Amino acid sequence: MKPILEIQKISKKFRINSQQQPYLSIRDSVANAFKGKSKTEDFWALKDVSFNVEQGDTIGIIGKNGAGKSTLLKILSKITPPTSGKIIGRGRIASLLEVGTGFHPELSGRENIFMNGSILGMKRVEIQKNFEAIVDFAGIDKFIDTPLKHYSSGMQLRLAFAVAAFLENEILIIDEVLAVGDAEFQKKCMGKMEDVSKSGRTILFVSHQLSSIESLCKKCVVLNKGKIFFEGNTADAINNYVSLNNNSKSETETNDLIKEIKITSLTSGLKSILPFDSISITGKIILKELIKNPVVGIVIRNVFNIPVIGINNKTYGVEFSSLKNNYFEIKLDNVPLIPGFYTVDFYIGDGIVDHYKVENLIVFEVSDELIFQNGKNPESKVNSFVLQSAEWHISDV
């Protein structure tokens with residue numbers, strides 16, 4: 001059976017005017033017209049992107065801002081053409097790229113459902129069949145005949161997603177729709193998309209919320225600088241995505257001090273732990289010169305790059321006389337982390353300045369297999385920065 005969607009060497013080039021000066025007066029614009037053409041340069045938003053999507057797949061597309069995700073979805077949705085390459089689709093494609101696109105503020109909710117549904121590719125009979133379900137999902141039955149301009153932004157969001165969610169197209173493309181709306185509505189959207197996926201329809205889902213990607217998608221494509229950085233199962237894809245910053249780290253961050261640093265294990269080699277599990281991080285440090293009375297620390301960050309746990313040896317009265325060629329081990333007990341992906345940043349300093357730091361040295365996951373452990377609720381610490389106590393051991397290499 002052939003894939004429902006084939007993306008074959010898709011590239012998209014934009015031409016950038018690097019000398020354009022905005023907000024010129026008419027006199028300046030006329031004067032510049034006689035100075036010759038401005039310098040332009042080509043920018044490749046996508047370069048030779050290829051992958052296949054099987055029928056019934058739910059594919060996550062992740063990457064940093066500017067990686068090319070939205071450009072790819074616009075090409076797949078036929079909003080913009082590719083510079084080169086081609087797409088072979090074997091089913092109707094519907095897309096929800098910008099919530100509220102195709103809505104008119106002067107029309108009622110009822111009229112907007114029919115108009116927006118038509119824009120998204122639904123036939124009138126399909127809209128009529130799903131009309132009550134759309135209204136019920138959006139929760140706007142009391143206001144269905146009220147002009148849209150009187151709706152709150154949240155009501156407009158619910159209505160827009162509800163229309164797209166009940167499309168009967170074979171392929172549904174969704175871009176960051178879950179980045180807005182309250183938590184209850186986001187949960188409702190996720191449940192609906194899971195139902196859509198189980199019905200055999202195909203979903204391409206872009207989001208920066210890795211927890212949503214993890215729960216909905218079995219496969220992922222990681223984009224970086226317009227190219228495919230990784231393609232495979234979701235867990236490996238998220239690990240690759242989170243570690244991108246580390247791969248692009250500049251040499252200047254080492255301050256010419258570090259020779260080698262390596263994490264050899266995390267919790268005896270495991271990359272997944274439970275809330276309030278203990279963590280053991282071991283590794284090796286080789287420096288080019290001796291540091292006396294060093295401060296060694298780590299910071300654990302969540303997927304939003306927010307630091308949630310900070311550890312260093314001096315905070316808890318542990319002193320090291322010097323540091324140059326050493327093995328180290330850091331043990332943390334009852335780590336208060338909720339399910340999700342986390343990164344570990346590593347720091348070495350003298351208590352005044354950081355001589356060395358490396359971000360995203362390691363990536364690990366806190367599993368949602370067991371939310372409560374030992375009668376403790378990890379959610380109580382989710383928004384706070386914790387100075388976590390730890391055991392420190394350092395020995396010569």
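**Note on the predicted chain**

1. Of the 397 residues in the protein chain, 45% count as buried; buried means under 20% relative accessible area, exposed over 50% and partly exposed in between, with a 1.4 Å probe and protein chains only. This is a predicted model, in which local features need pLDDT of at least 70 and side-chain atom pairs count only at pLDDT 80 or more, while totals for chains, interfaces and linings use all residues. Residues are numbered from 1 along each chain as its sequence is written, and side-chain values use heavy atoms, with hydrogens and water left out.

2. The protein chain has 9 helices and 19 strands. These are DSSP runs numbered from the N terminus: helices are H or I with at least four residues, strands are E with at least two.

3. Contacts here are heavy atoms within 4.5 Å. In the protein chain, 74% of the contacts with a separation of 6 or more are between residues 24 or more positions apart.

4. The protein chain has an accessible surface of about 20,700 Å², and carbon and sulfur atoms hold 49% of that. The areas come from the Shrake-Rupley method with a 1.4 Å probe; for residues, only the protein chains shown count as cover.

5. Helix H2 (residues 69-76) is largely enclosed by the rest of the structure, because 6 of its 8 residues are buried. They are Lys-69, Thr-71, Leu-72, Leu-73, Ile-75 and Leu-76. Just after H2, Lys-78 has a positive phi of about 65°.

6. Leu-337 sits in the loop between strand S15 (322-332) and strand S16 (340-349). Its relative accessibility is 3%, so Leu-337 counts as buried. Leu-337 and Val-366 are 29 residues apart in sequence, with a C-alpha to C-alpha distance of 7.0 Å.
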